[in-house]
Amino acid sequence: MRLAGKTAIVTGAGRGIGKGVARKLLAEGARVHICDVDGERMRETMEQLSAFGRIDGQTVDVTQRDQVEAFVQSVAERQGGLDILVNNAGIAVFQPFLTIDDQAWRRTLDVNLNGVFLFSQIAARRMAELGGGSVVHMASTNGLLGEAGLAHYNASKAAIILLSKTMAIELAASNIRSNCVCPGFIRTELAMEGGMSPTEIASYQAKIPLGRIGTVEEVANAVAFLASDEASFITGAELVVDGGQICQE
Ligand SMILES: NC(=O)c1ccc[n+]([C@@H]2O[C@H](COP(=O)([O-])OP(=O)(O)OC[C@H]3O[C@@H](n4cnc5c(N)ncnc54)[C@H](O)[C@@H]3O)[C@@H](O)[C@H]2O)c1
């Protein structure tokens with residue numbers, strides 16, 4: 001078990017990729033603390049995953065500094081440390097660029113970027129005091145290439161990638177690594193809420209060299225690797241998990 005004895009936080013773990021990451025980190029031996037803005041989802045995840053290891057959770061909105069501070073502090077104090085942060089919480093709403101209103105723009109940047117900044121800064125301060133750690137951000141292939149209808153989402157994910165690289169530079173002296181996972185199309189509630197028809201999904205899959213949509217488990221495997229000591233010389237990197245989609249025009 002690659003993460004035995006480590007304490008990890010996973011944000012937005014009430015469903016989808018975050019839930020899969022929490023499960024994988026538990027299976028690798030970590031003590032996992034999850035949070036989600038949706039308390040019901042968060043409790044369901046805790047119940048379902050408690051069979052796999054030591055899991056705890058709290059309702060937290062990643063955009064609220066006081067909530068994030070209280071959560072990180074309680075985890076670090078209870079476990080005597082904090083080794084891994086997975087910034088996974090994110091939202092996406094399809095809207096053509098000309099119709100995006102200020103509220104949708106600000107909310108997307110608030111959750112997807114400001115939330116990552118807040119959690120990273122607060123957790124990294126703790127990690128620095130305690131000897132180091134690993135931060136993994138859930139970016140996206142949309143942070144590397146554009147996609148119509150998602151200008152606010154794409155901008156937030158691109159910003160995370162450079163935030164991560166800057167963290168990698170500044171926090172290296174504190175023995176903290178910072179990396180991104182960039183998933184392509186992964187079968188989750190968020191991806192399916194986009195309302196794609198079976199025909200649209202089939203034509204999307206045809207553009208993926210490996211010929212299919214990815215799974216939550218395949219993203220979780222990449223997160224566990226970057227979080228672990230196996231990635232001890234990797235910082236400021238993007239690990240793309242997309243079946244080869246962005247390799248071709
Ligand atoms: N599904 C994909 O195809 C895909 C592809 C690339 C990147 N991603 C990224 O992976 C991450 C997870 O995506 P998913 O598909 O599992 O989404 P999801 O909607 O299934 O899960 C996201 C979770 O985050 C929570 N959340 C939303 N706002 C929050 C807030 N303010 N504070 C705390 N929690 C909050 C939600 O309640 C939800 O449980 C996101 O960052 C997303 O951008 C997903």
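Residues are numbered from 1 along each chain as its sequence is written, and side-chain values use heavy atoms, with hydrogens and water left out. Because the model is predicted, local features need pLDDT of at least 70 and side-chain atom pairs count only at pLDDT 80 or more, whereas totals for chains, interfaces and linings use all residues.

In the case of R41, the atom that lies 2.8 Å from an oxygen atom of the ligand is a polar one of the side chain. On its own the ligand has 840 Å² of accessible area, and the protein covers 95% of this; accessible areas come from the Shrake-Rupley method with a 1.4 Å probe, and for residues only the protein chains shown count as cover.

Side chains of opposite charge can pair when their charged atoms come close. A salt bridge is defined here as a side-chain nitrogen of Lys or Arg within 4 Å of a carboxyl oxygen of Asp or Glu, and a search of the whole structure finds 11 of them. One is formed by K6 and D229, whose closest N and O atoms are 3.5 Å apart. Since K6 lies in the segment before β1 (7-11) and D229 in the loop between α8 (216-227) and β7, this pair ties together parts that are 223 residues apart in sequence. Helices (H or I, at least four residues) and strands (E, at least two) are DSSP runs, numbered from the N terminus.

A further salt bridge joins the side chains of D56 and R78, at 2.6 Å from N to O. D56 belongs to strand β3 (residues 55-59) and R78 to helix α3 (residues 65-79), so the pair links parts that are 22 residues apart in sequence. D56 is partly exposed, with a relative accessible area of 22%, while R78 is exposed, at 55%; buried means under 20%, exposed over 50%, and partly exposed in between (1.4 Å probe, protein chains only).

E238 and K165 also form a salt bridge, with their closest N and O atoms 2.6 Å apart. Here strand β7, which holds E238, is tied to helix α5 (residues 151-171), which holds K165, and the parts are 73 residues apart in sequence. Both residues are partly exposed, E238 with a relative accessible area of 29% and K165 with one of 28%.

By contrast, Q95 is buried, at 15%, and is found in the loop between β4 (84-87) and α4 (102-130). Q95 touches I100, D101, A104, G149, L150 and H152, not counting residues up to four places away in sequence, where contact means heavy atoms within 4.5 Å.

Methods:
Polar contact = N/O pair within 3.5 Å; in protein donor to acceptor, adjacent residues only side chain to side chain.
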